[in-house]
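Keep the sequence and the 3D view open as you go.

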Amino acid sequence: MIKKWWHDKIAYQIYPKSFYDTNGDGIGDLKGVIGKLDYLKDLGVDIIWLSPIYQSPFVDQGYDISDYYKIDEIFGTMEEFDTLLSEAKKRNMYIVMDLVINHCSDQHEWFQKALADPEGAYGDYFFFRKGVNGNPPANYRSYFGGSAWEPVPGSDYYYLHLFAKEQPDLNLDNPKLRNEIYTMINWWLEKGVAGFRIDAIGNVKKDPTFPNLSPDGEDGLGDAGRMIAQAEGLDDLLEDLKINTFEKYQAFTVAEVFYMKDENLEKYVGENGHFSTLFDFSTQELALGEHGWYENGPVLFEDYREALFHSQLKCQDICFLTNVIENHDQPRGVSRFLPDYAQNDAGVKMLGTVNFLLRGLPILFQGQEIGMRNCPMDSIEEYDDINTLNEYKTALAAGLSQEEAMKVCFRQSRDNGRTPMQWDASENAGFTTGTPWLKVNPNYKEINVKEQLADDDSVLSYYKKLVALRKCEQYKDVLTYGRFAPLYEKESDIFAYKRTLDGQSVIILANFGAEDKTLSLDGIFPEGAEDFTFSPDRILLNNLDDLFVEGQQLTLKSCQVIVLYAPGA
């Protein structure tokens, strides 16, 4: 594998609106990010990914962009963004932006001109089609529910929106629009951005015939994703995008693609793929219901382990993926992936360890490093997320009570990851001196950065040790490029694997069960090290104070994880 500059780095996603507010308006801002750079540097972060900060009406939290060249005033100014780039560079840190080119805002100048003349030049920047017998052009259901076609007032035209109606889809088959997009991307790269997280990129190619689908719900509609799946020419479009932008700058690109087919990995993220890497969504996909969130049950440990093992094995000869537990579109990983008995500090550290030391680029999400949890809301009015509001209605329509529908939202809402960062135990968790735009999790007095910085045994202190281990000169290569091999696959509740390079191994053993588990260490070490005898100095990390070992038998307590080192033969 050709080594790339980003392979051994640690990334951190900031949701700017909820990170740190410096002017008291209840919304996080760029000055807040700048003010916390030293905190992130101390944590060991190299790459900072900013969720959208472009000018936007914020129907979908900035993923509806009205001007790609402007910073929205709620976050600050372009001068402040330039300062952020400069201050990050001083600390040898990289800034990655969100790139949203499947759609824009209905307030964008392009769309306003298209609305005025759907048959004009700007009309072809989007997908305008005439209705059929008073109905939309095709029976597509948008990802946020309801028809994916919105009527244009005063005409028989409709426009396509895979997401909210305020997010019209862009037609990247139009060469003039495509050139405008490329020019914009290169403008940001020239400015000094290190790369992009690319939103919903698997949706950019449509079937221009827009065939009707067989209905898959009582609404008579079909999931628009099915039309996307049968569209042709996506690979050519993505390669053209790469050649005209990212490749020129050695930019780091991470693409958001769900349900990636194994046979497409090489094309997307192989040595000469369209992108640097993809998010590994294998565990998130376990929680997707067919008709709505209300169908989603808890994620079972065996399914979680199998999904990650399969993903690691299929990728290690092809590409590097990114390893994520949570992000702005997901509930908190602690609340999703850990059973009730494991939702404690030991469990949080265990979950972090098994994910962080997998092969791939670790991406922390703000608050993950202190173990932030899902936020209980008292009513549906306290939620802001457009998708949550739609899923609540879907749950009610399916026959759930309001109480049951609220429980669904508590488990699944995207707002769980968007509640303000918990900096300290003061009012509003130290996030703002004003009224926060979204409810602060009531547990902020127990879970916050200030308390954990002062505690050597805290989740935050443990994450620092994890980062330091992955960057340690002695283990960096094996933890970056080492091959992945699952261990103890037949053992219930055990998540274990080893990373091996040039004969040396780092071994991760974790007990997700409620009871102690005893494991034999025989045969799990690299060839030539079969006579390896366990000794305490081989322990690189242990999330609990003690460890019971008798000969080659090792007993893990509930929620215990240890990291062992076996030197090369």
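**Exercise 1.** Which residues are linked in a network of salt bridges?

*Solution.* Start with the ground rules: this is a predicted model, where local features need pLDDT of at least 70 and side-chain atom pairs count only at pLDDT 80 or more, while totals for chains, interfaces and linings use all residues. Residues are numbered from 1 along each chain as its sequence is written, and side-chain values use heavy atoms, leaving out hydrogens and water. Next, the criterion: a salt bridge is a side-chain nitrogen of Lys or Arg within 4 Å of a carboxyl oxygen of Asp or Glu. The network joins Asp 60, Asp 329, Asp 385, Arg 414 and Arg 418. Over the whole structure, the search finds 38 salt bridges.

**Exercise 2.** Find the salt-bridge partner of Lys 191 and say where each residue lies.

*Solution.* First, the partner is Asp 82, with the closest N and O atoms 2.9 Å apart. Then place them: Lys 191 is in helix α5 (residues 175-191) and Asp 82 in helix α3 (residues 78-90), so the pair links distant parts of the chain, 109 residues apart. Helices here are DSSP runs (H or I, at least four residues), and strands are too (E, at least two), numbered from the N terminus.

**Exercise 3.** Are Lys 113 and Glu 109 buried or partly exposed?

*Solution.* Buried means under 20% relative accessible area, exposed over 50%, and partly exposed in between (1.4 Å probe, protein chains only). Lys 113, at 36%, is therefore partly exposed, and Glu 109, at 48%, is partly exposed too. Their salt bridge has its closest N and O atoms 3.1 Å apart.
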